[in-house]
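Please examine the structure shown below with the following explanation at hand.

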Amino acid sequence: MPLPLRIATWNVNSVRQRIEHLLSYLKEVEPDVLCLQEIKCLDEAFPRLEVESAGYNVATHGQKTFNGVAILSKRPFEVTRGLPGDQGDTQSRYIEAVIPDGDGVVRVASIYLPNGNPPLTEKYSYKLAWMDRLISHARGLLKLEEPLVLAGDYNVIPEPRDVHDPAAWAGDALFLPATRERFRELMALGLTDSLRASTDAAGLYTFWDYQAGAWPRNNGIRIDHLLLSPRAADRLQSVSIDKDMRALEKPSDHVPIRIDLA
DNA sequence: ATGACTTGCGCGGCAAGA
């Protein structure tokens with residue numbers, strides 16, 4: 001039986017600030033694929049040589065100062081940059097890889113969905129429009145009937161059990177009814193939330209704010225998700241949140257989440 | 001408690017994040 005395929009996603013909050021954490025993660029966890037968000041640099045500023053020396057192929061979709069996504073893979077792969085549906089969108093938030101796997105492929109997307117705060121502004125309407133574009137694109141991808149993993153920072157708290165203090169987040173763009181409704185619409189295309197396929201537990205988080213002692217108080221939210229097509233879900237073996245990463249010196253405010261597929 | 005953090009940019013203090 002072949003080794004499982006390990007696929008992880010992590011919002012690094014600046015790859016250049018986090019290069020040592022990134023390299024130790026690659027060495028210790030050995031993901032086959034790692035999706036990164038908020039690399040916060042242009043393609044030419046990505047620490048490509050360090051990552052390649054660790055045994056990974058790299059594709060970036062960078063941007064100066066903000067946003068930026070990347071996919072790292074032990075196996076070489078084909079890449080597509082950008083989310084279809086709006087030629088005028090200049091924000092780098094989506095990159096997609098087709099990775100050889102056995103006789104076929106696994107398709108993996110690295111997603112940095114807009115934050116959307118504050119609500120009632122163009123930032124929130126951009127978030128909702130971006131989610132509509134993601135739903136349309138995912139509908140097309142699912143028709144391919146491939147193993148598909150839509151991984152990333154969705155900036156969506158799916159349910160009250162995914163937030164330490166639901167009342168405090170009631171009016172936030174990450175938790176508003178219209179946000180959650182679109183997330184449910186995405187899921188209803190036939191996707192499986194990896195974490196919820198393995199546990200119903202409350203209080204499993206992937207983000208803790210830097211402010212107000214959110215980490216020591218465990219005042220977190222679950223917003224980083226690995227969504228699976230049926231053929232990927234059939235192969236799901238395990239899910240892990242690498243919570244220890246939040247306790248390191250100079251951590252990202254997000255931690256990685258990962259799956260093993262048979 | 002008028003608080004509390006971390007980035008990029010670029011060298012002074014914003015803007016953005018969640």
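Arg107 and Glu96 are both buried in this predicted model. The two residues form a salt bridge, with 2.8 Å between their closest N and O atoms. Arg107 belongs to strand 7 and Glu96 to strand 6, so that the pair links distant parts of the chain, 11 residues apart. Side chains of opposite charge can pair when their charged atoms come close.

A second salt bridge joins the side chains of Arg235 and Asp101, at 3.0 Å from N to O. Asp101 is in strand 6, whereas Arg235 lies in the loop between helix 6 (230-233) and strand 13 (236-241); the pair therefore ties together parts that are 134 residues apart in sequence. Asp101 has a relative accessibility of 15% and therefore counts as buried, the cut-off being under 20%.

The side chains of Arg258 and Asp242 also meet in a salt bridge, at 2.9 Å from N to O. Here strand 14 (residues 257-261) contributes Arg258, and the loop between strand 13 and strand 14 contributes Asp242, so parts that are 16 residues apart in sequence are tied together. Arg258 and Asp242 are both buried. Elsewhere, Asp162, Asp193, Arg196 and Arg222 are joined into one network by salt bridges that share partners. The count of salt bridges comes to 16.

The strands that carry several of these residues can now be placed in their sheets. Strands of a sheet pair through backbone hydrogen bonds, either parallel or antiparallel. One open sheet has 6 strands in the order 5-6-7-8-12-9, and its pairing is mixed. Its edge strands are strand 5 (78-81) and strand 9 (192-193), each of which pairs on one side only. Strand 9 pairs with strand 12 (residues 224-228) in the antiparallel sense, over 2 bridges. Within this part of the sheet, Thr192 stands opposite Leu228 of strand 12.

Helix 4 (residues 177-187) packs on the sheet and touches strand 9 and strand 12, and its direction makes about 30 degrees with that of strand 12. Helix 3 (residues 122-143) lies across strand 6 (94-101), strand 7 (104-112) and strand 8 (148-153). The angle at which helix 3 runs to strand 6 is about 20 degrees.

Strand 1 (residues 5-11) and strand 2 pair in the parallel sense over 5 bridges. Asn11 has Gln37 of strand 2 as its bridge partner.

Attention now turns to the backbone of the loops. Most residues other than glycine have a negative phi, and most peptide bonds are trans. Which residues are joined by a cis peptide bond? They are Asn117 and Pro118, with omega at about -10 degrees. Pro118 lies in the loop between strand 7 and helix 3.

Two residues other than glycine may be examined for positive phi values, Glu30 and Ala212. Phi of Glu30 is near 50 degrees, and this residue is found in the loop between helix 1 (19-29) and strand 2 (33-37). With a relative accessible area of 47%, Glu30 is partly exposed. For Ala212, phi is near 60 degrees, and the residue sits in the loop between strand 10 (207-208) and strand 11 (220-221). Ala212 is exposed, its relative accessible area being 67%.

The chain may finally be viewed as a whole. Chain A contains 6 helices and 14 strands. Its radius of gyration is 17 Å, close to the 18 Å that the globule rule gives for 262 residues, so chain A is as compact as a globular protein of that length. The C-alpha trace of chain A spans about 45 × 45 × 40 Å along its principal axes. Of the contacts in chain A with a separation of 6 or more, 68% are between residues 24 or more positions apart. Of the 262 residues of chain A, 53% count as buried. The chain exposes about 11,800 Å², of which carbon and sulfur atoms supply 50%.

Note on methods: Residues numbered from 1 in each chain as written. Chains lettered and ligands numbered in written order. Predicted model: local features only at pLDDT ≥ 70, side-chain atom pairs only at ≥ 80, totals over all residues. Heavy atoms only, no water. Pairing = 2+ DSSP bridges. Helix = DSSP H or I, 4+ residues; strand = E, 2+ residues; numbered from the N terminus. Contact = heavy atoms within 4.5 Å. Axes fitted to C-alpha atoms, helices over the stretch in contact; angles between N-to-C directions. Buried < 20%, exposed > 50% of the residue type's maximum accessible area, 1.4 Å probe, protein only. Salt bridge = Lys/Arg side-chain N within 4 Å of Asp/Glu carboxyl O. Rg over C-alpha atoms; globule rule 2.2 N^0.38 Å. Areas by Shrake-Rupley, 256 points an atom, 1.4 Å probe, with all protein chains shown as cover.
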